[in-house]
Amino acid sequence: MTSLAASDTAETAARLARWPHPGTPVLATLDDTRLLLAWMQGGALQAHALPLGLRTLGDAHFRHQPARPVELEAAIDTVEDALMRPHPPLPAGRVLWPAGAFGCVLPLVAGATREDVEALFQQFAAVSLGRPGAGLPQDAASTAAILVLRELMHHLDFARWAAGPPDSSQIGPHTASAARLPDS
């Protein structure tokens with residue numbers, strides 16, 4: 001079990017309380033150095049951190065852009081090994097709530113199922129084999145994000161993902177300016 005700072009605990013619990021969809025949310029926040037899974041169980045916040053991040057995977061495995069097949073396979077092994085380590089049991093009826101750096105690939109996923117995520121990952125894999133990318137990003141961060149999302153859904157048995165309500169960290173310059181009131 002991972003302990004979070006008190007401010008992080010309160011903020012994460014508040015975010016989970018605002019979940020607008022059926023099912024029990026498991027918030028998965030991906031950043032440069034870790035994947036943090038958080039959920040409520042019996043009224044208590046549960047959290048589990050894994051050493052899977054955009055930069056850590058990119059630095060360890062992705063030497064080329066687009067990634068080569070051998071690099072993808074090595075990264076998959078790393079992610080699978082981390083996901084298969086003992087962790088607290090996840091809740092029944094869980095729905096994955098991807099946040100943080102997953103935002104770079106979520107708009108590219110055609111739907112909200114594990115199969116939709118798999119289809120996008122297969123497009124990235126095809127690019128690694130030399131097929132045209134059809135507008136897919138070929139940077140290490142995007143490759144790491146879709147790979148972690150795919151493996152997370154497969155190995156921790158998430159059938160679907162859903163977006164939760166935005167928080168202030170998800171408001172970028174384009175949305176912040178659009179949200180301003182017109183001058184009077």
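Let's start at Ser128, which sits in helix H4, residues 114-128. Helices here are DSSP runs of H or I with at least four residues, strands are E runs of at least two, and both are numbered from the N terminus. Before we go on, a word on what we are looking at: this is a predicted model, where local features need pLDDT of at least 70, side-chain atom pairs count only at pLDDT 80 or more, and totals for chains, interfaces and linings use all residues. Residues are numbered from 1 along each chain as its sequence is written, and side-chain values use heavy atoms, with hydrogens and water left out.

Is Ser128 buried or exposed? Ser128 counts as buried because its relative accessibility is 13%; buried means under 20% relative accessible area, exposed over 50%, and partly exposed in between, with a 1.4 Å probe and protein chains only. And which residues does Ser128 touch, if we leave aside neighbours within four places in sequence? Those are Ala67, Arg68, Pro69 and Leu72, where contact means heavy atoms within 4.5 Å.

Now H4 as a whole. Its 15 residues, at 1.5 Å a residue, should span 21 Å, and the end C-alpha atoms are 21 Å apart, so the two agree. The expected span is 1.5 Å times one less than the number of residues. Buried residues of H4 include Phe121, Phe124 and Val127, and the buried residues of this helix pack against helix H3 (69-83) and H5. Just after H4, Gly130 takes a positive phi of about 100°.

H5 is our next stop, and Met153 is found there. With 0% relative accessibility, Met153 counts as buried. Its contacts, again leaving aside neighbours within four places in sequence, include Leu96, Arg114, Val117 and Trp161.

The axes of H2 (residues 54-61) and H5 (residues 140-155) come within 9 Å and cross at roughly 110°. That makes H2 roughly perpendicular to H5. Axes are lines fitted to C-alpha atoms, for helices over the stretch in contact, and angles run from 0 to 180 degrees between N-to-C directions. Under 35 degrees counts as roughly parallel, over 145 as roughly antiparallel, 65 to 115 as roughly perpendicular, and the rest as oblique. On the H2 side we find Leu54, Leu57 and Gly58, facing Ala140, Ala141, Ala144, Ala145 and Val148 in H5.

Two backbone spots are worth a look. Most residues other than glycine have a negative phi, and most peptide bonds are trans. Asp157 is not a glycine, yet has a positive phi of about 55°. This residue lies in the loop between H5 and helix H6 (173-178), and counts as partly exposed because its relative accessibility is 49%. The other spot is a cis peptide bond that joins Gln65 and Pro66, with omega about 5°. Pro66 has its place in the loop between H2 and H3.

Last, let's zoom out. How many helices and strands does the protein chain have? Six helices and four strands, running α-β-β-β-α-α-β-α-α-α from the N terminus on. Of its 184 residues, 44% count as buried.
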